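Hi everyone, thanks for coming along. Let me put the chain up on the screen, and then we can walk through it together.

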Amino acid sequence: MSTIPAPGAFDTRIALARPSNALDELGAPVGFEPAGFAWARLEPLGAGGGEEPFAGQGRARLRVQMRAPHPLAPGWRMIIAARIFRVQTISAPMGRGGIVEADCIEEAP
């Protein structure tokens, strides 16, 4: 999906959430806090499974493409309608200031 998108390709509004700065007694974030909204293009990648033990099978995977600059890092969440996806990897195939791609997996309900 690293070609230049056509005008109007960013047709889905998503909410971004970053891990909270508040930490529990073990140093892990206690939740997520809103980090804004973005218009994005979604590409389904099928169901994932087996990459994480005991995580369940058949979770949806997406590639999300959006315009930079959007602060984004692995571990962040993207909320799309009522579904929550965790950002696994990020790349910038168009170079700096262009388009950012994130591969995401759906979080278990």
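Let me begin with pLDDT, which is the predictor's confidence in each residue, on a scale from 0 to 100. What you see is a predicted model, in which local features need pLDDT of at least 70 and side-chain atom pairs count only at pLDDT 80 or more, while totals for chains, interfaces and linings use all residues. Residues are numbered from 1 along each chain as its sequence is written, and side-chain values use heavy atoms, with hydrogens and water left out.

How confident is the predictor, then? The chain averages a pLDDT of 81, and 75% of the residues score at least 70. Within the chain, the mean is lowest in E3, at 82, and highest in E4, at 93.

Those E labels are strands. Helices (H or I, at least four residues) and strands (E, at least two) are DSSP runs, numbered from the N terminus.

Now, burial. I call a residue buried under 20% relative accessible area, exposed over 50%, and partly exposed in between, with a 1.4 Å probe and protein chains only. Of the 109 residues in the chain, 31% are buried.

On to the inside. A nonpolar core is a set of buried Ala, Val, Leu, Ile, Met, Phe, Trp, Tyr and Cys residues joined through side-chain atoms within 4.5 Å. The largest one has 16 residues, and those with the most contacts inside it are Ile14, Val64, Met66, Leu72, Met78, Val87 and Cys104. Which strands supply at least two residues each? They are E1 (12–19), E2 (32–49), E3 (57–67), E4 (77–80), E5 (83–91) and E6 (99–106). E3 gives the most to this core, with 4 residues.

Let's zoom in on Val87. Not counting residues up to four places away in sequence, Val87 touches Leu72, Ala73, Pro74, Gly75, Trp76, Met78, Ala102, Asp103 and Cys104. And for the whole chain, among contacts between residues at least 6 apart in sequence, 49% join residues at least 24 apart.

Thr12 is another place to look. Thr12 is found in strand E1, and its C-alpha atom is separated by 6.2 Å from that of Arg41, 29 residues apart along the chain. Leaving aside neighbours within four places in sequence, Thr12 is in contact with Ala38, Trp39, Ala40, Leu42 and Ile80.

Next, charges. Side chains of opposite charge can pair when their charged atoms come close. I count a salt bridge when a side-chain nitrogen of Lys or Arg is within 4 Å of a carboxyl oxygen of Asp or Glu. The structure holds 5 salt bridges.

Take Glu33 and Arg18, whose closest N and O atoms are 3.0 Å apart. Why does this pair tie together parts that are 15 residues apart in sequence? Because Glu33 lies in strand E2 and Arg18 in strand E1. Glu33 counts as partly exposed because its relative accessibility is 24%, and Arg18, at 32%, counts as partly exposed.

Then there is Asp103 with Arg63, where the closest N and O atoms are 2.8 Å apart. This pair links distant parts of the chain, with Asp103 in strand E6 and Arg63 in strand E3, 40 residues apart. Are these two buried or exposed? Asp103 is buried, and so is Arg63.

Glu107 also forms a salt bridge with Arg86, with the closest N and O atoms 3.9 Å apart. Glu107 lies in the segment after E6 and Arg86 in strand E5, so the pair ties together parts that are 21 residues apart in sequence. Salt bridges that share partners join Arg77, Arg86 and Glu107 into one network.

What does Arg13 lie over? Arg13 lies over the face of Phe37, at 4.2 Å from the ring centre. The rule there asks for NZ of Lys or CZ of Arg within 6 Å of the ring centre and within 35 degrees of the ring normal.

Last stop, the loops. Ala81 lies in the loop between E4 and E5, and its phi is near 60°, a positive value in a residue other than glycine. Ala81 counts as exposed because its relative accessibility is 75%. Ala28, in the loop between E1 and E2, counts as partly exposed, at 32% relative accessibility.

Conventions:
Contact = heavy atoms within 4.5 Å.
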